[in-house]
Amino acid sequence: MQLVVGEITRPHGVRGEVVVDVRTDEPGQRFAPGTVLVTDPGSAGPLTIEYVRPHLGRLIVAFEGIEDRDHADTLRKVLLCVDS
């Protein structure tokens, strides 16, 4: 069973970072660098977290292989999931 831990809302900046709305009570564990997240839709991932930083109650996340704003924009509305 897949548990939704976040949703990508939009790109942030020009380096491929995205803004993530957190939907978990353990963001430090779920969004640790190196964590691999399954996506819904599945064609968007899986995505591996490169780094994370807090920003206005949300997270700014960089994923491995997402290098620019245009690529990050294709991830809008993607749900980030883990196996429960």
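Cys81 is located in strand 6, strands being DSSP runs of type E of at least two residues and helices DSSP runs of type H or I of at least four residues, both numbered from the N terminus. In this predicted model, local features require a pLDDT of at least 70 and side-chain atom pairs count only at pLDDT 80 or more, whereas totals for chains, interfaces and linings use all residues. Residues are numbered from 1 along each chain as its sequence is written, and side-chain values use heavy atoms, with hydrogens and water left out.

Cys81 counts as buried because its relative accessibility is 5%; buried denotes under 20% relative accessible area, exposed over 50%, and partly exposed the range in between (1.4 Å probe, protein chains only). With neighbours within four places in sequence left aside, Cys81 is in contact with Gln2, Leu3, Val4, Val5, Leu37, Val38 and Asp40, contact meaning heavy atoms within 4.5 Å. The C-alpha atoms of Cys81 and Ile60 are separated by 17 Å, the two residues being 21 apart along the chain.

Leu79 is likewise placed in strand 6. Apart from neighbours within four places in sequence, the contacts of Leu79 are Val4, Gly6, Glu7, Arg23, Val38, Thr39 and Asp40. One of these residues, Glu7, stands opposite Leu79 in strand 6. A distance of 14 Å separates the C-alpha atoms of Leu79 and Met1, which lie 78 residues apart along the chain. Strand 6 pairs with strand 1 in the antiparallel sense over five bridges, where pairing requires that DSSP finds at least two bridges between two strands.

Strand 1 is also joined to strand 2, by six bridges, and these two strands run antiparallel. Pro11 has Val18 of strand 2 as its bridge partner. Four residues lie between strand 1 and strand 2 in the hairpin that they form, and Gly13 in the turn has a positive phi of about 75°.

Strand 2 (residues 17–22) pairs in turn with strand 5 (residues 58–63), in the antiparallel sense and over three bridges. In strand 5, Val61 is the bridge partner of Val18, and Leu59 is that of Val20. Strand 5 is mostly covered, with five of its six residues buried. Six bridges join strand 5 to strand 4, and the two run antiparallel. Within this pair, Ile49 stands opposite Phe63 in strand 5. The hairpin of strand 4 and strand 5 has two residues between the strands, and Leu56 takes a positive phi near 50° there.

Taken together, six strands form a closed barrel in the order 1-2-5-4-3-6, with antiparallel pairing. From one strand to the next, the twist averages 50°; axes are lines fitted to C-alpha atoms, for helices over the stretch in contact, and angles run from 0 to 180 degrees between N-to-C directions. In general, strands of a sheet pair through backbone hydrogen bonds, either parallel or antiparallel.

The largest nonpolar core has 17 residues, and those with the most contacts inside it are Ile8, Phe31, Leu37, Phe63 and Leu80. Such a core is a set of buried Ala, Val, Leu, Ile, Met, Phe, Trp, Tyr and Cys residues joined through side-chain atoms within 4.5 Å. At least two residues of this core are supplied by each of strand 1 (2–12), strand 2, strand 4 (47–55), strand 5 and strand 6 (79–83). Strand 5 gives the largest share, three residues. Phe31, neighbours within four places in sequence aside, is in contact with Val5, Gly6, Val20, Val22, Thr24, Leu37, Ile49, Val52, Leu59 and Leu80.

Over the whole chain, the secondary structure comprises two helices and six strands, which follow the pattern β-β-α-β-β-β-α-β along the sequence. The chain is as compact as a globular protein of its length, because its radius of gyration of 11 Å is close to the 12 Å that the globule rule gives for 84 residues; the radius is taken over C-alpha atoms, and the rule is 2.2 Å times the number of residues to the power 0.38. Along the principal axes, the C-alpha atoms fill a box of roughly 35 × 30 × 20 Å. Of the 84 residues, 37% count as buried. Among contacts between residues at least 6 apart in sequence, 58% join residues at least 24 apart.
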